[in-house]
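Dear colleague,

Please find below the structure that I am handing over to you. My notes on it follow directly after.

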Amino acid sequence: HPSCVYPLFPSLMPAQPSISKSAQKRQLKLQWLKDHRKEKDRRKKEEKKLIPRPLDDDPDRVTKRLLIQQEKEHLKLSLSSLPKVVIDCAYTHLMSEKEMNKTRSQVQRCYSLLKRPNLKTFHLHLGNLEKTSELYQTFLHKTDGFESMSITVFPGCVFEEFHHSELVYLSHDAEEPLLTISPHSVYVIGGLVDDN
């Protein structure tokens, strides 16, 4: 074993590089500075935590936490508000995967409108959306927190969920423009994206 050989034969022991006293002092000083720098940084960090942050002088400034809280309250309000908007997802069997992604992104855009506290709310529904459907699975996999969104999802037909006298179908081909919005009506938009 090599470690046993050195005590018996000191001439075979590898030579240690000799360091001058000033080099040794320099190394010790560098090590001491390194150790104390860590301690100094740690103390500064603790002192910084104890110093209270100055309040912002701008009274109109809204913190991110407050903004998120306002969005959540606005979304809760939208669940009980009128009018109701239904996106009818009965046409998913006619769409390609790309078109389903576009439908998903349009629903997300509608949902983002619900978050804005300065806009009037509406209750968003996704109708004819079975949990086993390809569109629902697209929502689950590509939309973070889809199941916790403030959206009502129902698998049945729009006619089964709402009374037919409340329903107003919206279409870009309509002959009459929509000039007023009734709070007691249910506005239905076809959830169909057709690239053809």
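Predicted model: local features only at pLDDT ≥ 70, side-chain atom pairs only at ≥ 80, totals over all residues.

Residues are numbered from 1 along each chain as its sequence is written, and side-chain values use heavy atoms, with hydrogens and water left out.

A search of the whole structure finds four aromatic pairs (rings of Phe, Tyr and Trp, the last by its six-membered ring, with centres within 6.5 Å; planes under 30 degrees apart are stacked, over 60 edge-to-face, the rest tilted). One of them joins Tyr136 and Phe146 edge-to-face, at 5.5 Å centre to centre and 75° between the planes. Tyr136 belongs to helix H5 (residues 134-142) and Phe146 to the loop between H5 and strand E3 (152-153), so the pair ties together parts ten residues apart in sequence. Helices (H or I, at least four residues) and strands (E, at least two) are DSSP runs, numbered from the N terminus.

Tyr136, at 5% relative accessibility, counts as buried (under 20% relative accessible area; exposed is over 50%, partly exposed in between; 1.4 Å probe, protein chains only). Phe146 is also buried, at 5%. Another edge-to-face pair is Phe154 with Phe162, at 6.0 Å centre to centre and 75° between the planes; both residues are buried. Tyr136, Phe139 and Phe146 form one aromatic cluster.

In helix H4 (residues 97-115), the buried residues include Glu99, Arg104 and Tyr111.

Yours sincerely
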